[in-house]
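This report looks at a metal site and at the strand pairing in the structure shown here.

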Amino acid sequence: MRRTVACLAVLLCSLPALTACGGSDSPKEADTGPKVIEVTIEGESVTPNGERVEVAVGQQVELDVTSDAPGTIHVHSTPEQELDYEAGTSTLTIEGIDKPGTVDVESHELEKVIVQLEVR
Ligand SMILES: [Cu+2]
């Protein structure tokens with residue numbers, strides 16, 4: 001019982017602490033260049049497969065896609081972004097997301113989440 005309470009307290013306390021960390025010495029948005037994520041799509045399989053990737057608010061994300069078939073990547077940001085790719089290699093750019101939160105990047109063709117962007 002006591003342990004549960006302690007864990008909860010740690011969880012609850014660490015959330016605001018994370019935001020508070022952003023105080024003085026954290027980099028301001030987008031002076032860090034794009035986050036590059038390599039994506040490989042082959043038949044039914046996608047790499048990465050639902051991994052979480054941290055990005056800064058406003059930071060662009062570059063997807064280097066290698067695929068055996070053309071398709072569309074759907075970014076569940078607000079507003080949503082849809083990015084078409086070709087068979088072979090394509091470089092797609094997700095515009096910087098200006099709100100902290102978790103954003104799914106999906107292939108609807110394969111019904112898979114490729115990455116979850118943790119925007120903070
Ligand atoms: Cu979607």
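Donors are taken as N, O and S atoms within 2.8 Å of the metal (3.2 Å for Na, K and Ca), and water is not among the atoms, so sites may look incomplete. This is a predicted model, in which local features need pLDDT of at least 70 and side-chain atom pairs count only at pLDDT 80 or more, while totals for chains, interfaces and linings use all residues. Residues are numbered from 1 along each chain as its sequence is written, and side-chain values use heavy atoms, with hydrogens and water left out.

The copper ion has as its protein donors His74 (ND1), His76 (NE2), Glu106 (OE) and His108 (NE2), at 1.9 to 2.3 Å, and these residues follow the sequence spacing H-x1-H-x29-E-x1-H.

Buried means under 20% relative accessible area, exposed over 50%, and partly exposed in between (1.4 Å probe, protein chains only).

| Residue | Relative accessibility | Class |
|---|---|---|
| His74 | 7% | buried |
| His76 | 36% | partly exposed |

Strands are DSSP runs (E, at least two residues) numbered from the N terminus, and two of them pair if DSSP finds at least two bridges between them. Strand 9 (residues 112–119) has six of its eight residues buried, so it is largely enclosed by the rest of the structure. Strand 9 pairs with strand 3 (residues 51–55) in the parallel sense over five bridges, and with strand 8 (residues 101–107) in the antiparallel sense over seven bridges.

Definitions and conventions. Helix = DSSP H or I, 4+ residues; strand = E, 2+ residues; numbered from the N terminus.
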